[in-house]
Amino acid sequence: MRTGVWLVGARGSVATTSVVGALALRAGLTAPTGCVTELPALRGPALPGFTDLVFGGHDVVATPLTKRAEALAAAGVLPARLADAVAPELAAVEAALRPAPTDGGPGDRIAAVVRDLTDFRRRHELERVVVVNVAATEPTPAPHPAHHDPTALRAALAGSVDVLPASSRYAYAAFTAGCPYVDFTPSTGARLPALVALADERGLPYAGHDGKTGETLLKSVLAPMFAMRHLAVRSWSGTNLLGGGDGATLAEPAANAAKVGSKQRVLAETLGYLPQGSTRIDYVEELGDFKTAWDLVTFAGFLGTGMRMEFTWHGCDSALAAPLVLDLARLTAAAHAAGRRGALAELAFFFKDPLGDTGHALGEQWAVLCDFVAGLHAGVTR
């Protein structure tokens, strides 16, 4: 099942780590640690193998992938030996990357993406291509009437005014080219009624939003614990410090607000109420690709006795995210092959702000994911 993975933001840290990791797995140079799809409960014939994955993508920067990998190795994100070992294969992936279209109106740029996707699929003789957005977080766009109707959206895209943010233009292009779409960011992506209708019209699945890799992952485990033990959470406050390109982007207030909103939903929807407190995201350039989160939870037990819990999470964002990007590409490709269309709510396990109504408790999301993947495998083996 030769499957293309088209990365939006292909020279970023997450994308580069994903590609280096896939190439290392293909060569047997590393273990699939962090790849959920390699657990016994999920592994099976419906998923394309790592050897089946072919990478391409767009980016606005031109730094070669080999240089990006060298920089990530120097920063301690990935082993230098792996960057060196896969350098020839990484150069071949570099040849499949294209500059993000910037000329013309929004319709022209979308058409250029469609051409790149179609050419990529044809040149590499791929059965399908999954488009995965790992670009920088966008601010929430202003509402527009064209967001609600595919016909109105097509007409608006013929003009000179951008009515869609970049993530949604990529979703539009992906669906037009017959490609499933995954948004690993909290950006708008396919989350507009007109794009939902377009995906349904083309019979395509899509997934998102905002990969769950750190503090929110812990919230999705701990919040259900408080709820199931009938303990009253009075406050939950967190401070996130991160560097790198993601941190620089989130220093911009509108992008920061979009990210914080995604992180906070898990508490309100799991507990049934939103406790006092807030989540802060601060940019610390020196941290590079690493991040630290400090959380303080105050809660009440029997007879109103006040208690507290504190935790600290230190993680490497790219190393946590990259295996999930590979998982999502494989799962979405398998869902497409099985004829699934529309929002893949069963992939909520991977996201802070998931599509559909599967809840935020990690254990429940895991059970839904396992059932979903078992169904995919059963369809292949019948």
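This report describes the sheet, the nonpolar cores, the aromatic pairs and the cysteines of a predicted model.

Because the model is predicted, local features are taken only at pLDDT of at least 70 and side-chain atom pairs only at pLDDT 80 or more, whereas totals for chains, interfaces and linings use all residues. Residues are numbered from 1 along each chain as its sequence is written, and side-chain values use heavy atoms, with hydrogens and water left out.

**The sheet**

Helices (H or I, at least four residues) and strands (E, at least two) are DSSP runs numbered from the N terminus, and two strands pair if DSSP finds at least two bridges between them. On these terms, seven strands form an open sheet in the order S3-S2-S1-S4-S5-S6-S11, with parallel pairing. Its edge strands, each pairing on one side only, are S3 (97-99) and S11 (342-343). S1 and S2 run parallel and are joined by six bridges, and in this pairing Thr3 stands opposite Leu53 of S2. S4 and S5 (residues 181-183) also run parallel, joined by three bridges, with Tyr181 in S5 as the bridge partner of Val131.

Burial is judged by relative accessible area with a 1.4 Å probe and protein chains only: under 20% is buried, over 50% exposed, and in between partly exposed. Seven of the seven residues of S2 are buried. Both of its faces are covered, with Leu53, Phe55, Gly57 and Asp59 on one side and Val54, Gly56 and His58 on the other.

**Nonpolar cores**

A nonpolar core is a set of buried Ala, Val, Leu, Ile, Met, Phe, Trp, Tyr and Cys residues joined through side-chain atoms within 4.5 Å. The largest one holds 57 residues, of which Leu7, Phe55, Leu347, Phe350 and Leu369 touch the most other members. Among the elements that give two or more residues to this core are S1, S2 (53-59), H1 (13-26) and H13 (362-381), while H12 gives the most, with ten residues. Phe55 is in contact (heavy atoms within 4.5 Å) with Val5, Leu7, Val19, Ala22, Arg26, Val93, Ala96, Phe120 and Leu326, leaving aside its neighbours within four places in sequence.

Helix H7 (residues 166-176) is largely enclosed by the rest of the structure, because nine of its eleven residues are buried. Among these buried residues are Arg169, Tyr170, Tyr172 and Phe175. Just after H7, Gly178 takes a positive phi of about 80°.

**Aromatic pairs and a charge over a ring**

Rings of Phe, Tyr and Trp (its six-membered ring) pair if their centres lie within 6.5 Å, with planes under 30 degrees apart counted as stacked, over 60 as edge-to-face and the rest as tilted. The structure holds seven such pairs. Trp6 and Phe120 form an edge-to-face pair, because their ring centres are 5.0 Å apart and their planes lie at 65°. This pair links distant parts of the chain, with Trp6 in S1 (residues 3-8) and Phe120 in H5 (residues 106-123), 114 residues apart. Trp6 and Phe120 are both buried. Elsewhere, Phe175, Tyr181 and Tyr206 form one aromatic cluster.

The charged end of Arg330 sits over the ring of Phe50, 4.4 Å from its centre; the criterion is that NZ of Lys or CZ of Arg is within 6 Å of the ring centre and within 35 degrees of the ring normal.

**Cysteines and loop residues**

A search of the whole structure for disulfides (pairs of cysteine sulfur atoms within 2.5 Å) finds zero. Cys370 is in no disulfide, and the nearest cysteine sulfur, that of Cys35, is 16 Å away.

Thr33 lies in the loop between H1 and S2, and His124 in the loop between H5 and S4.

| Residue | Relative accessibility | Class |
|---|---|---|
| Cys179 | 0% | buried |
| Cys370 | 17% | buried |
| His124 | 23% | partly exposed |
| Thr33 | 68% | exposed |

The C-alpha atoms of Thr33 and Pro323, 290 residues apart along the chain, are separated by 8.0 Å. For His124 and Gly189, 65 residues apart along the chain, the C-alpha separation is 26 Å. Not counting residues up to four places away in sequence, His124 touches Arg2, Val54 and Ala96.
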